[in-house]
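Me: I would like a close look at a single part of this protein. Please keep the answer connected and plain.

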Amino acid sequence: MKQLLQTTISILFFYNTFNITFGQTVTTLAGSGNWGTTDGTGSAALFASPTGVAVDGAGNVYVSDYGTDLIRKVTQQGIVTTIAGTGSVGSSNGIGTAASFDAPFSLTVDGSGNLYVADTDNHEIRKITKAGVVSTFAGNLYYGNTNATGQAASFDYPYGVAVDTIAGIIYVADRINNEIRKITTLGVVTTLAGSYYPGSINGTGVGAKFYSPFGVTVDPFGNVFVADTYNHQIRKITSAGVVTTFAGSGLQGNSDGIGSVASFNYPSSVASDASGNIYVADTNNNSIRKISTSGVVSTLAGNIQSGHADGIGVLASFNGPSGVACDALGNVYVADSNNNRIRKITTSSIPTGILGLTSIQEISVYPIPANDQLTVAFTLENESDLKLELINIDGNRVSTVEANNISGNYKLLVNIQSLSAGLYIANICVNGLMTSKKLLIAK
């Protein structure tokens, strides 16, 4: 952001270089918005503050329905069934609906189809086999911070759980202990990183500090990523326990950018796709954010305004999303908690050869007080049609600029002199295919 005196307009424009993602379409997979426990299809089903989602190899979505202490399953056709839980608070092991949970916040699925549930208020990690048999994998009903095997170990309100599908290791975001715990396939619990007292310190193992971590995921390379919720950061832990800050300034905010330039507002869940990109349920920003492997943070879908609107990218809206998961095709699923819905974000990357768009070489950001223009510069390999639309936060189009049969280096000029300060959406269309980016104008 550049700042000049008096008549200056400051502009932030965030983008991904060399790779544009099209088709960030948000739809509602299941749920009507009303609170309940009804199984059914699509909007006929009811959820109650769903907080966690996980996806198996067949594309089935599993939901930790926090408000009703149930574990639900949603097919790709939107058919919702209850696979475990009585619907009442409890801690019983058993088969399917004979078992009980207490405020399960998140869950994960391993390569064999077994589910692991962070059964938060029971201070346990529960396991559900494909046959629906529920057992206690680690922890007991008493909060604590003991490393041991199985039920001899203890947790203190575990919120996040993830599995390394190759090694079978379970990772837990142990919220009140401010630690990331590790559970082997034999149920041996150890502390991977963090210590009891909260903080924001990078380091190795117990030399690092977190502050109320809610979410955890594992990328294809065995790195663990943490939604360090009260620090408003995404942290990274190597297999050796080395903790660094991957993204986030540490202050509440809603800025896209690279690494610590970006900001979050109580991120509560993280997920990795097959390429190692990280997706974040940025709860208080009502957005789903994406972090590339190089640390570039962008807004995949949603905007700071709470709501329930299906649509493309930042024109869609969420209300307190707290869970996020990816399938093998790169689609993203969201536990849209305050909307009592499960949402799906369909993402598709179009090869640049099809578009003739080789890269965005630069996005030149002024202001120029003399003419108040925003300049967006493209490099195009083949003849293409371009259009740039600016949409205000109310969804109204406030500016459109078009250019046809363009190739080589080209610049779109947008007059922003008459625009008020605030958040806008820039829809960039290349040959009819669109990507959406956030644009902040501050006068």
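Which residues does Val 224 touch, not counting residues up to four places away in sequence?

Reply: The model is a predicted one. Val 224 touches Tyr 171, Leu 192, Val 216, Thr 217, Val 218, Arg 235, Lys 236 and Ile 237, leaving aside residues up to four places away in sequence. Val 224 is also among the residues with the most contacts inside the largest nonpolar core, as are Tyr 171, Ile 180, Leu 192, Phe 210 and Ile 237. That core has 15 residues, and the elements giving two or more residues to it are strands E14 (170-174), E16 (189-194), E18 (215-218) and E19 (224-228).

Aromatic pairs come next. The count comes to ten. One of them joins Tyr 211 and Tyr 230 edge-to-face, at 5.2 Å centre to centre and 70° between the planes. Tyr 211 lies in the loop between strand E17 (203-204) and E18, and Tyr 230 in the loop between E19 and strand E20 (233-237), so this pair ties together parts 19 residues apart in sequence. Tyr 211 is partly exposed at 36% relative accessible area, and Tyr 230 is partly exposed at 31%.

Phe 225 and Phe 246 also form an edge-to-face pair, with 5.1 Å between centres and 65° between planes. Phe 225 lies in strand E19 and Phe 246 in strand E21 (residues 242-247), so the pair ties together parts 21 residues apart in sequence. Phe 225 is buried, with a relative accessible area of 2%; Phe 246 counts as buried at 15%.

As for confidence, the protein chain averages a pLDDT of 86, and 83% of the residues score at least 70. Over residues 1-23 the pLDDT is below 50, and over residues 349-371 the pLDDT is below 50. Where pLDDT is low, predicted coordinates should not be read in detail.

Methods. Residues are numbered from 1 along each chain as its sequence is written. This is a predicted model: local features need pLDDT of at least 70, side-chain atom pairs count only at pLDDT 80 or more; totals for chains, interfaces and linings use all residues. Side-chain values use heavy atoms; hydrogens and water are left out. A nonpolar core is a set of buried Ala, Val, Leu, Ile, Met, Phe, Trp, Tyr and Cys residues joined through side-chain atoms within 4.5 Å. Buried means under 20% relative accessible area, exposed over 50%, partly exposed in between (1.4 Å probe, protein chains only). Helices (H or I, at least four residues) and strands (E, at least two) are DSSP runs, numbered from the N terminus. Contact means heavy atoms within 4.5 Å. pLDDT is the predictor's confidence in each residue, from 0 to 100. Rings of Phe, Tyr and Trp (its six-membered ring) pair if their centres lie within 6.5 Å; planes under 30 degrees apart count as stacked, over 60 as edge-to-face and the rest as tilted.
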